[in-house]
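Let's take a friendly first look at a structure together.

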Amino acid sequence: MKMNQFIVLCLMSLLIVRGNSKSLDKWFDGMQSDSHSWYGDMVDYTQRSIPRGCGGKQADVYFVIDTSDDVSSEQLQKQTDFAKELVTIFYMNQDTVRIGIISYGGKVDMVTEAGEYNKHHQIRDVIDIIPRIGGKRDNAGALNYLRNKVFTPSSVRPEVGHVVIMLTNGFSTNAKSTAMNAILLRSKGVYVYTVSVGPTVDTSELESIASPPAQNFVFSHENPQLAESLIKLLHIKECDYQVSPPFEGETKICAPNRPVDIVFGVEQLGLGTRHATDIISFVYEILGEFDSNTEINTAVILSKSPNYINFGKKVQKISDVQAKLASMIFPEMSHLLKKIRRTLIRGKKDVQKTAVVFIDNNMDLTKKALIEAKRNKFMKIETYVIYIGEDYNKPELEMIANGADGLNVLIIPSYADLLDSKEMILKAICRGF
């Protein structure tokens, strides 16, 4: 099965929400006993920052990736591709699911601890550069490390679910020791999945490592039922971020409790056509999360084209063309900030005025832009700066934005991460409402 087919099947699995408690109880029959009470009860969402009914159960999850000598480059690539796709089914947050990555062969290497990163793209980046340990495969050593170094009160949250997803074909140096260490790990309440990736597999060893029953915890990397098994175990539900409480009808993320005018500013000439198109599409997605039944009005402001100069249809004297070129004026950020201010002050007086401006490293923040930003602050315009890229000057960006401690400056690593960052951006903007 090709990877893209696997992705589709995983996403289809995400839409399966088991509402019948009897079917869940039947599914849990025969599973290992768990020292936690987490899997039998719904999460107490009153203590969490995520939306009610979203995300699923709290858990610390570790991906354990076999990088022994006999794991070919092709098999390792399959493992990392599989892991990168599987992480997307989890609702990652310090309060919900935290993910850690371990690489092992003849020894064990903690690549990143659970909770060190909270974004899907960050975990995928870590998996892309996972170190190859080499040596003879020591499954027993990896399981012993998990029991004594990872799943301890000082390293994981004791009150949440503990899950291991171990990608290996088996064939360890000591099968009996492997089975014993797996039993000791599972006795601590850790659920263990094993996932095979190669053409030859030691099925008996994979089953000895995994939690019982095997049909729920032993899989091939091409089997999409692993995603469904995790969905059932953690009660994962697909949802969007929601700041306001749930209400009857369609749920929207932003439901302001007072009148708001919000303007999105896009300096398309500085950003470039391709990036400006990405931002416009993103703004479209953002607008879809605003509750149209509330008193919120929006606008999208684009920069002007250069002032029109008629060069004529014939060749001209050099001096004439030079004069026309010298009179051309290209807009920059100052023009956009001024247009945003003029648009907002035309609105009603007793409404919150909010601006969202997109910037990347192709755009210069000139002295004029900083002056216009200062004027916007004087007019009490709540301004958010969304910077796309990693080469940024935050103090300079804070001069465009306002808000305490730089909270109105939001950094997105790349344009590819825009949609993944929707939740963070909406959370920041909607809290200002």
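Student: Why is strand β7 largely enclosed by the rest of the structure?

Tutor: This is a predicted model, where local features need pLDDT of at least 70, side-chain atom pairs count only at pLDDT 80 or more, and totals for chains, interfaces and linings use all residues. Residues are numbered from 1 along each chain as its sequence is written, and side-chain values use heavy atoms, with hydrogens and water left out. Strands are DSSP runs (E, at least two residues), numbered from the N terminus, and buried means under 20% relative accessible area with a 1.4 Å probe, protein chains only. Strand β7 covers residues 260-266 and is largely enclosed because seven of its seven residues are buried.

Student: Which residues point one way from β7, and which the other way?

Tutor: Both groups are buried. One way point Val260, Ile262, Phe264 and Val266; the other way, Asp261, Val263 and Gly265.

Student: Which residue of β9 is the bridge partner of Asp261?

Tutor: Two strands pair if DSSP finds at least two bridges between them. β7 pairs with β9 (residues 352-360) in the parallel sense over six bridges. Seven bridges also join β7 to the parallel strand β8 (residues 296-302), where Asp261 stands opposite Asn297. In β9, its partner is Lys353.

Student: Which residues does Ile279 touch?

Tutor: Ile279 is among the residues touching the most other members of the largest nonpolar core, which has 47 residues. Such a core joins buried Ala, Val, Leu, Ile, Met, Phe, Trp, Tyr and Cys through side-chain atoms within 4.5 Å. Contact means heavy atoms within 4.5 Å. Leaving out residues up to four places away in sequence, Ile279 touches Val266, Leu271, Phe358, Ile388, Tyr415 and Leu418.

Technical notes. Buried < 20%, exposed > 50% of the residue type's maximum accessible area, 1.4 Å probe, protein only. Helix = DSSP H or I, 4+ residues; strand = E, 2+ residues; numbered from the N terminus.
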